[in-house]
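Hi,

Here is the structure I promised to pass on. Have a look, and my notes come after it.

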Amino acid sequence: MSWPQVSARRLERQGLAAPLPAGDGVPAEDGVPAVVGAPAGAVAAMCGAHAQVISAAELSVALRLDGVTRTAVREALWEDRTLVKTYGPRGTVHVLPSRDLPMWVDALSRLPPGHNAMPEGIRMTPEQTGQVVEAVREAVAGRELTIDELTEAVVAATGPWAGDLVMPAFQTMWPRWRQAMAVAAHRGAFVFGQVRSRKVTYTGPPTSLTPAAPVPSGVSPGGGAGELLRRYLTAYGPATPGQFALWLGAPRSWAARLFENGSAELEQVLFEGRPAWVVAGDTATPSAPPEGVRLLPYFDAYVVAGRPRDLLFPGAAAERALAGGQAGNFPVLLVDGEVAGVWHQRRSGRRIHVTVEALRPLTRAQRGELDDQVARVGEILEGRPELTLGPVTVGPHA
């Protein structure tokens, strides 16, 4: 499989070659909303949307659907609850489909504990972490609590040690228990609630989850981890265990065992001459090479999960659009499946100023597609867009 084939395949599956079908979803089960459909289906196809910047997540999701705006994404999150905001891969904030939450919890709760960078005397023991997780689970059941309210409840349930202000964070100090925030989310104790008076809140998950404990060994091809691997390979394959580990935030040895134990359901291919894996039998690629112009926001899933970096960010794109090898720190201009520039926006009332810096000259057809993309961004963000083209930087790839 060549890079153009894989790029075209990923674009198609990500809804970036053409909008994903809205669909009418699958029937709800046990009161759990269906995942297939707009916009939950788009998030499922992406294997989660990064949501540290929630406006970027709204744009990421809506870009993959026809006629959907940020309002529809917000309704899915806070009204329909077909989406949830929680801690996902790499311990970062993501939007996930509610129907998939049990799979994610089962997979993430089984990751071996990572390195604890907190110094002795500040870090929590596994026993303390378990106490905090259960205290959080009980505190948010049926309620939405701010971080201060949640701290009060956790300290009352566990002891004064949980409230010690020992964690340096954002030029202030956080209470000790907050070391376990991502772990608590990964074990299904809470998800994010609606903002209350500009304050973030936390609440119980919208689905019934069995409390999960971490299982540091005995990786199984079944369960949440195996299903998540299959979905990742469907969206971003061919890929290697190391690439999957980087995306998920898991030890490489753990990922390698997962690939090995699930080998009966995987198939090895040569991707640009190097071994990589796909779901068994899933080797189809589009007949046409990748094409099209897209504007992707901060931390869009296509670039965060997309590897190898040197093929996705060729030439000057690696210098301009990667931060120390990390993708997502810049909104990117995507041309024919490759990063070919960066862009940014500034809002003033309903007016949205969009500035695009291309790294190579655009053809007349690509320039027309860029105009269409800017118009689509304006539609999603419910404003009036204005495009400014920055100076073209001609790099080695031009």
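Below is what turned up, starting with how to read it.

This is a predicted model, where local features need pLDDT of at least 70, side-chain atom pairs count only at pLDDT 80 or more, and totals for chains, interfaces and linings use all residues. Residues are numbered from 1 along each chain as its sequence is written, and side-chain values use heavy atoms, leaving out hydrogens and water.

First, the sheet. Five strands form an open sheet in the order β11-β12-β13-β14-β15, with mixed pairing. At its edges sit β11 (293-296) and β15 (384-389), each pairing on one side only. (Strands are DSSP E runs of at least two residues, helices H or I runs of at least four, numbered from the N terminus; two strands pair if DSSP finds at least two bridges between them.) β12 (residues 332-335) and β13 (residues 338-348) run antiparallel, joined by four bridges, and L333 has G341 in β13 as its bridge partner.

Helix α15 packs on this sheet, touching β11, β12, β13, β14 (351-358) and β15; contact means heavy atoms within 4.5 Å. Among the buried residues of α15 are L370, V374 and V377, where buried means under 20% relative accessible area, with a 1.4 Å probe and protein chains only. Just after α15, E382 takes a positive phi of about 60°.

Cheers

Methods:
Buried < 20%, exposed > 50% of the residue type's maximum accessible area, 1.4 Å probe, protein only. Axes fitted to C-alpha atoms, helices over the stretch in contact; angles between N-to-C directions.
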